[in-house]
There are 2 protein chains.
Amino acid sequence: MKTLAALVFPEFQTLDLFGPLEMFGDQDNELEIIIVAESGDPVKSRHGQYLVPDRTLKDGSDYNYVFVPGGRGTPVEEDNPAITAWLIEAGGKADIVMGVCTGGALLAKVGLLDGRRATTNKQDFEWSLPFGPKVDWVPKARWVEDGKFFTSSGVSAGIDMSLAVIAQEFGLEAAEKTAREAEYDWHRDSNWDPFAQVYGLV
Amino acid sequence: MKTLAALVFPEFQTLDLFGPLEMFGDQDNELEIIIVAESGDPVKSRHGQYLVPDRTLKDGSDYNYVFVPGGRGTPVEEDNPAITAWLIEAGGKADIVMGVCTGGALLAKVGLLDGRRATTNKQDFEWSLPFGPKVDWVPKARWVEDGKFFTSSGVSAGIDMSLAVIAQEFGLEAAEKTAREAEYDWHRDSNWDPFAQVYGLV
């Protein structure tokens with residue numbers, strides 16, 4: 001059984017997390033999802049729902065996959081030494097590290113994306129850039145894969161990226177089955193990104 | 001401030017709930033989201049995450065909007081007298097009642113959809129029919145609106161339906177802004193439903 005650690009922090013963006021968890025959760029014969037937070041207290045999402053963590057940062061950093069949602073909590077957590085230390089450690093050891101939306105900015109801030117291609121939320125694209133001056137930020141992409149790092153555009157883009165990761169790790173058939181069962185119109189082309197134009201990035 | 005009661009029960013489908021909550025949550029200047037469960041204990045989703053309810057069934061049934069996700073907990077809850085009584089009462093009083101996926105089967109079971117057009121999950125379509133023998137089940141539809149009742153197809157279809165409800169209740173501009181900020185490819189046509197064919201319903 002492989003493990004996916006999904007980091008949550010106050011004001012995490014709701015769909016950034018739960019879209020991908022619907023997709024990864026469907027691989028439950030092969031994958032255990034673990035919600036990780038700084039403490040064991042329920043964590044409030046951007047939209048006011050309280051999620052109970054499964055483990056805390058102190059419970060370890062050995063996971064196959066590390067997943068980071070975005071949200072307006074991102075700029076707070078970038079200065080949180082417990083979060084950043086865990087991200088560097090867990091992200092360094094993981095087989096795959098994923099960031100959705102401004103979650104990519106958090107990965108950039110701790111240096112994990114230095115020298116790599118990455119993307120982030122398109123509305124907040126310019127805001128994300130200073131988090132990673134050594135990152136090759138891609139303005140038009142639904143998601144970007146560079147080595148073990150996958151970063152997606154805003155919110156719902158995390159679902160498409162997650163299906164790409166599932167296809168790579170668990171097989172294309174598993175990804176197609178998951179998308180079909182969720183009746184989800186999977187955008188399989190990582191270059192599909194009408195929102196880059198909407199927000200004037202291209 | 002209007003109120004939306006989202007009913008949760010063990011094994012509710014993750015994205016059935018949190019896709020719509022991302023969309024409705026973005027209307028937070030005009031809408032309060034309240035998670036309602038049978039008791040105040042955290043409720044486990046289909047994919048293992050624990051959500052803390054805001055209120056219990058006993059805390060009342062006066063909400064502007066009532067929202068019901070699906071999931072494999074549906075067949076259990078259809079025989080739960082506390083849940084069914086609350087649904088009849090709250091659903092009867094609400095301005096709009098929504099069911100996503102097999103959540104529609106639950107609404108059908110308590111009689112709220114009698115004599116009305118409705119849809120549900122396409123993979124489990126045949127399974128849903130006996131829940132509502134007096135319902136005019138529509139095999140090909142992303143979502144169906146009949147009076148104050150909105151029902152959607154499986155899982156991700158709830159997002160499209162929610163945006164249609166937001167457009168009706170809070171204006172098209174609000175719905176478009178929400179979809180854009182979530183970088184979501186909104187299917188605006190309620191007749192768009194490739195999954196009806198995938199599952200052999202048309």
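**Figure 1. A:Phe67 stands opposite A:Met98 of strand S7 in chain A.** In this predicted model, local features need pLDDT of at least 70 and side-chain atom pairs count only at pLDDT 80 or more, while totals for chains, interfaces and linings use all residues. Residues are numbered from 1 along each chain as its sequence is written, and chains are lettered from A and ligands numbered from 1 in the order in which they are written. Strand S6 (residues 65-68) of chain A and strand S7 (residues 96-100) of chain A run parallel and are joined by four bridges. Helices (H or I, at least four residues) and strands (E, at least two) are DSSP runs, numbered from the N terminus. Two strands pair if DSSP finds at least two bridges between them. Strands of a sheet pair through backbone hydrogen bonds, either parallel or antiparallel.

**Figure 2. A:Ala6 has bridge partners in S2(A) and in S6(A).** The partner of A:Ala6 in S2(A) is A:Ile35, and the partner in S6(A) is A:Phe67. S1(A) and S6(A) run parallel, with three bridges between them. Strand S1 (residues 2-7) of chain A also pairs with strand S2 (residues 31-37) of chain A, in the parallel sense and over six bridges. Within S2(A), A:Leu31 stands opposite A:Lys2. From S1(A) the chain crosses through helix H1 (residues 14-25) of chain A to S2(A), a right-handed β-α-β crossover. Right-handed here means that, with the strands pointing away from the viewer, the path from the first strand over the helix to the second runs clockwise.

**Figure 3. Seven strands of chain A form an open sheet with mixed pairing.** The order of the strands is S5-S2-S1-S6-S7-S11-S10. S5 and strand S10 (143-146) of chain A are the edge strands, each pairing on one side only. Strand S5 (residues 55-56) of chain A runs parallel to S2(A), and two bridges join them. A:Arg55 in S5(A) stands opposite A:Val36.

**Figure 4. A:Glu11 and B:Glu11 have a positive phi.** Most residues other than glycine have a negative phi, and most peptide bonds are trans. Phi of A:Glu11 is near 70°, and that of B:Glu11 is about 70°. A:Glu11 is found in the loop between S1 and H1 of chain A; B:Glu11 lies in the loop between strand S1 (2-7) and H1 of chain B. A:Glu11 is partly exposed, with 19 other C-beta atoms within 10 Å. B:Glu11 also counts as partly exposed, with 19 C-beta neighbours inside 10 Å. A residue is buried if 20 or more other C-beta atoms lie within 10 Å of its own, exposed if 12 or fewer, and partly exposed in between, with C-beta atoms placed from the backbone.

**Figure 5. The largest nonpolar core has 128 residues.** Such a core is a set of buried Ala, Val, Leu, Ile, Met, Phe, Trp, Tyr and Cys residues joined through C-beta atoms within 7 Å. A:Ala6, A:Val8, A:Met98, B:Ala6, B:Val8 and B:Met98 touch the most other members. Apart from its neighbours within four places in sequence, B:Val8 is in contact with B:Leu17, B:Ile35, B:Ala37, B:Val43, B:Leu51 and B:Pro53. Contact requires C-beta atoms, placed from the backbone, to lie within 7 Å.

**Figure 6. Chain A and chain B are in contact through 33 residues of each.** On the side of chain B that touches chain A, two or more residues come from each of helix H1 (14-25), strand S2 (31-37), strand S4 (50-52), helix H7 (172-181) and helix H8 (194-198) of chain B. H1(B) gives the largest share, seven residues. By class, this side has 15 nonpolar, 11 polar and seven charged residues. Ala, Val, Leu, Ile, Met, Phe, Trp, Tyr, Cys and Pro count as nonpolar, Asp, Glu, Lys and Arg as charged, and the others, Gly among them, as polar. Strand S4 (residues 50-52) of chain A and S4(B) run antiparallel and are joined by three bridges. B:Val52 in S4(B) is the bridge partner of A:Tyr50.

Terms used: Two residues are in contact if their C-beta atoms, placed from the backbone, lie within 7 Å.
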